[in-house]
Amino acid sequence: MESSSNSDQNEVSVSGTPTSSVSSPYRRTYSDISGLSHRFDVQSFYNRPSKTNAVVLSGHDEDVSEDAVEPKDDVDADGEEGDSDIDSAEDAELEMMRERFAKLLLGEDMSGSGKGVCTAVTVSNSITNLYATVFGQSLRLQPLSTEKKDLWKREMNCFMSICDYIVEVIPRSLGTNVEITETKLRSDILMSLPALRKLDNMLMEILDSFTDNEFWYVERGSSSMNSSGGGRDTGTFRKVVVQRKDEKWWLPVPCVPAEGLSEEERKHLRHKRDCASQIHKAALAINDSTLNDMDIPDSYLTTLPKSGKASVGDVIYKQLCTAEKFYPDQLLDILKITSEHEALELADKVEASLVTWRRKTGGLTHSKSSWDMMKDIGGDADRGNDKNHILAARARSLLFCLKQRYPELSQTSLDICKIQFNRDVGKAVLESYSRVLEGLAYNVVSWIDDVLYVDRTVRNRED
């Protein structure tokens, strides 16, 4: 993940407004496409009779039978006015659908000259922008508004319906000399898409559970910071939160009662945090698997140095090469990384060296799934005399450890390049969907941690 997960939270909003709510979005110039129309359903649209299609495209959704077109004399003036308002609203919505669908088909190139991006990148951009539209201003633990929730479900259903037509052909034998072919959903979509839908629903349920809370929020810098907010004193907790998140001035301040949260409320928060953390790990695993399945673009390979040592430098190469047993955590402690910017820079270097060593072993002929990569790791023991295999395995473990230590780390240069040059629409849907869910899950965990931090600090002061 535009996941996760995973990224600097200041670069998320489409409008450029810093929002800490979205982590690990793909760093690209966002188009103004937020998705398809609220009501547009690809499958139902193309399953309509031809006459119905003509009516829908003309801006009306009435029955096309002869009885339907006959004027009704018994409609009073009020009824005509009401029907007119409904028709106007439907026409406006249909016009918006036409505009968004046209932009999607044009590949974000409004000139119509065919210079737009491919469909896969357009779909990826659209899902990212939809997520920023719905969740970009969500900065606290509370249910989504009905309007935003409906918008998210409707438009994501449109994007998901694309995958209904991505199939693979499988031969099936009917006898000794008879063989037929049948189609089914592509295996990666069949496995990952239902899981992502389930994770999506679980995240919505977690947000919906925060209704009658013992904690509340105030805006930083507002007059309520030093006065009562809704009958609850907030001044006591101002210094606690400001010292902890002084660099994130746009975040609302979580507040708790003077005696702290009740045990039941703390138990509820911890339970929801554990659930959101597991969702984050699952979405991250799907996103990593999808990215690993994507081919490495030639444009990235041409930028690689001739040796992996030139990428990582002498210090890291010496640790990777000379140690009998490699411990990535110890190496990260030696490097003393002080910021996420340094962590991302190191991740790019390690990944570049990893690709270089894999090329030397002939392991980049085709893209590899996560299972294939795990088999490679297991097979390194059998290829112990091959130095490139050992270095690639250790670089992979170092990169994995680095991402675990910095879960907010933005996507690496290789991941961005893969998404930019990806031509597989199915993988684009899975990657962008898992990425935005990864970011939302991470934000939920962070918001819960904020509340628990304030509660713990207040109770410690009383003690």
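The axes of H5 and H6 come within 10 Å of each other, crossing at roughly 170 degrees. Anything over 145 degrees counts as roughly antiparallel, so that is how H5 runs relative to H6. Bear in mind that this is a predicted model.

Now the contact itself. On the H5 side, the residues are Val123, Ser126, Ile127, Leu130, Tyr131, Thr133, Val134 and Phe135, and on the H6 side they meet Lys148, Leu151, Trp152, Glu155, Met156, Phe159 and Ile162. Sorted by class, the contact of H5 with H6 has 11 nonpolar, 2 polar and 2 charged residues.

Next, the rings. Searching the whole structure gives 6 aromatic pairs. One of them is Tyr131 with Phe135, a tilted pair with 5.1 Å centre to centre and 40 degrees between the planes. Both residues sit in helix H5, which covers residues 119-135, and they are 4 residues apart, about one turn of the helix. Tyr131 has 2% relative accessibility and therefore counts as buried. Phe135, at 1%, counts as buried too.

Which residue does Phe135 pair with edge-to-face? That is Trp152, at 5.2 Å centre to centre and with 80 degrees between the planes. Phe135 lies in H5 and Trp152 in H6, residues 146-162, so this pair ties together parts that are 17 residues apart in sequence. Trp152 is buried, as is Phe135.

To put the rings together: Tyr131, Phe135 and Trp152 are linked by ring pairs into a cluster. Tyr131 and Phe135 come from H5, while Trp152 comes from H6.

Terms used
Residues are numbered from 1 along each chain as its sequence is written. This is a predicted model: local features need pLDDT of at least 70, side-chain atom pairs count only at pLDDT 80 or more; totals for chains, interfaces and linings use all residues. Side-chain values use heavy atoms; hydrogens and water are left out. Rings of Phe, Tyr and Trp (its six-membered ring) pair if their centres lie within 6.5 Å; planes under 30 degrees apart count as stacked, over 60 as edge-to-face and the rest as tilted. Helices (H or I, at least four residues) and strands (E, at least two) are DSSP runs, numbered from the N terminus. Buried means under 20% relative accessible area, exposed over 50%, partly exposed in between (1.4 Å probe, protein chains only). Axes are lines fitted to C-alpha atoms, for helices over the stretch in contact, and angles run from 0 to 180 degrees between N-to-C directions. Angles under 35 degrees count as roughly parallel, over 145 as roughly antiparallel, 65 to 115 as roughly perpendicular and the rest as oblique. Contact means heavy atoms within 4.5 Å. Ala, Val, Leu, Ile, Met, Phe, Trp, Tyr, Cys and Pro count as nonpolar, Asp, Glu, Lys and Arg as charged, and the others, Gly among them, as polar.
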